[in-house]
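Welcome, and thanks for taking a look at this one with me.

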Amino acid sequence: MSNETHEQNNKGGTASFGFRNVPEDERQGLVNGVFSSVAARYDLMNDLMSGGLHRLWKADFVAMIGAPRNDQPFRLLDVAGGTGDIALRYAESSGPNATAVLADISPEMLEEGRTKVAAKGLDARISLTQGNAEALPFPDRAFDAYTIAFGIRNVTHIDAALREAHRVLKIGGRFLCLEFSECRVPLLDRLYDFHSFEVIPRLGRIAAGSGDPYRYLVESIRRFPNQEAFAGMIREAGFERVSVRNLTGGIAAIHSGWKL
Ligand code: SAM
């Protein structure tokens, strides 16, 4: 993958929206259009596209938060939390005083999340808020952990989102990001390419009525910084002890950093 494909923002006020370059100030609106159109089928499509693999990745990711199982208080901020997969898994696997705020920019995704949280009777422990990862509506040093799963790729100014993550964490707080990354296993990478560019858009057309949002999904993955480049951006935002754990040969990766 070339450095060029790693660039999310380009010079001259444009930003990548999948493989296209669009005016930087229009990108977030286009992303929001994608998620408002897929919100109702988001969970179903995740299972279909990944063959359920995203569930295993998310289970590993949530285990890394290290939330207390006893009655110690703990506050998680799950940014780009969408339909609530991370916040729900976290609440179900932690003690009664472990709470979460789920923030997402899309009202449609939040609505799906709200319905799921209510159905599980977890409203008292998970609150949902509309907010942009680049300018979070929370005070400094408010959270013990910050998670973002399959969200950061959609943000126009990743550096701004990382700085916000650092700002809202307490000293000693942990940053965790689950995101698609660069597949590093020969043959698996070819299979993954075929699946991404041939299977997923077709699945989108058949199961969700349109292939376009899913084309954005696979293209935006290829434009996202690889493991090392993204780790560098996390360090740049002020995090320490930054580490990366590849999942399924690097198809996805968990990046971790600490505010020390
Ligand atoms: N975290 C959930 C999961 O793992 O299933 C949802 C991930 S979904 C692929 C990406 C989410 O990012 C969408 O809900 C979208 O609305 C949200 N998003 C995109 N840009 C955002 C931004 N700038 N700030 C906050 N959320 C954003």
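A word on pairing before we start: two strands count as paired if DSSP finds at least two bridges between them. Please keep in mind that this is a predicted model. The briefing then moves to Glu179 in strand S8, and ends with the salt bridges around Asp85, including the one to Lys58.

- Strand S9 covers residues 240–247, and its antiparallel pairing with S10 runs over six bridges.
- Within this pairing, the residue of S10 that stands opposite Arg245 is Ile254.
- S10 spans residues 252–258 and is mostly covered, with six of its seven residues buried.
- S10 also pairs with S8: the two run antiparallel and are joined by seven bridges.

**Glu179 and its surroundings**

- Glu179 belongs to strand S8, which spans residues 169–180, and its bridge partner in S10 is Ala253.
- Is Glu179 buried or exposed? Its relative accessible area is 2%, so Glu179 is buried, the cut-off for that being under 20%.
- Which side chain makes a polar contact with the side chain of Glu179? That is the side chain of Arg153, at 2.5 Å.
- A polar atom of the Glu179 side chain also lies 3.5 Å from the backbone nitrogen of Gly151.
- Leaving aside neighbours within four places in sequence, the residues in contact with Glu179 include Phe150, Ile152, Phe224 and Ile251. Ala252 and Ala253 are also among them.

- Side chains of opposite charge can pair when their charged atoms come close.
- How many salt bridges does a search of the whole structure find? The search finds 16.
- One of the salt bridges joins Asp85 to Lys58, with the closest N and O atoms 2.8 Å apart. Asp85 lies in helix H5 (residues 85–92) and Lys58 in helix H4 (residues 53–65), so this pair ties together parts that are 27 residues apart in sequence.
- Asp85 is buried, with a relative accessible area of 13%, and Lys58 is buried too, with a value of 3%.
- Asp85 also meets Arg89 in a salt bridge, at 4.0 Å from N to O. These two residues are four apart in helix H5, which means that about one helical turn separates them.
- Arg89 is partly exposed, with a relative accessible area of 23%.
- Lys116 forms a salt bridge with Asp85 as well, the closest N and O atoms being 3.0 Å apart. Because Lys116 lies in helix H6 (residues 107–119) and Asp85 in helix H5, the pair ties together parts that are 31 residues apart in sequence.
- Lys116 counts as partly exposed, at 22% relative accessibility.
- Through shared partners, salt bridges join Asp43, Lys58, Asp85, Arg89 and Lys116 into one network.

Note on methods
Residues are numbered from 1 along each chain as its sequence is written. This is a predicted model: local features need pLDDT of at least 70, side-chain atom pairs count only at pLDDT 80 or more; totals for chains, interfaces and linings use all residues. Side-chain values use heavy atoms; hydrogens and water are left out. Buried means under 20% relative accessible area, exposed over 50%, partly exposed in between (1.4 Å probe, protein chains only). A polar contact is a pair of N or O atoms within 3.5 Å; within protein, one must be able to donate a hydrogen and the other to accept it, and residues adjacent in sequence count only if both atoms are side-chain atoms. Contact means heavy atoms within 4.5 Å. A salt bridge is a side-chain nitrogen of Lys or Arg within 4 Å of a carboxyl oxygen of Asp or Glu.
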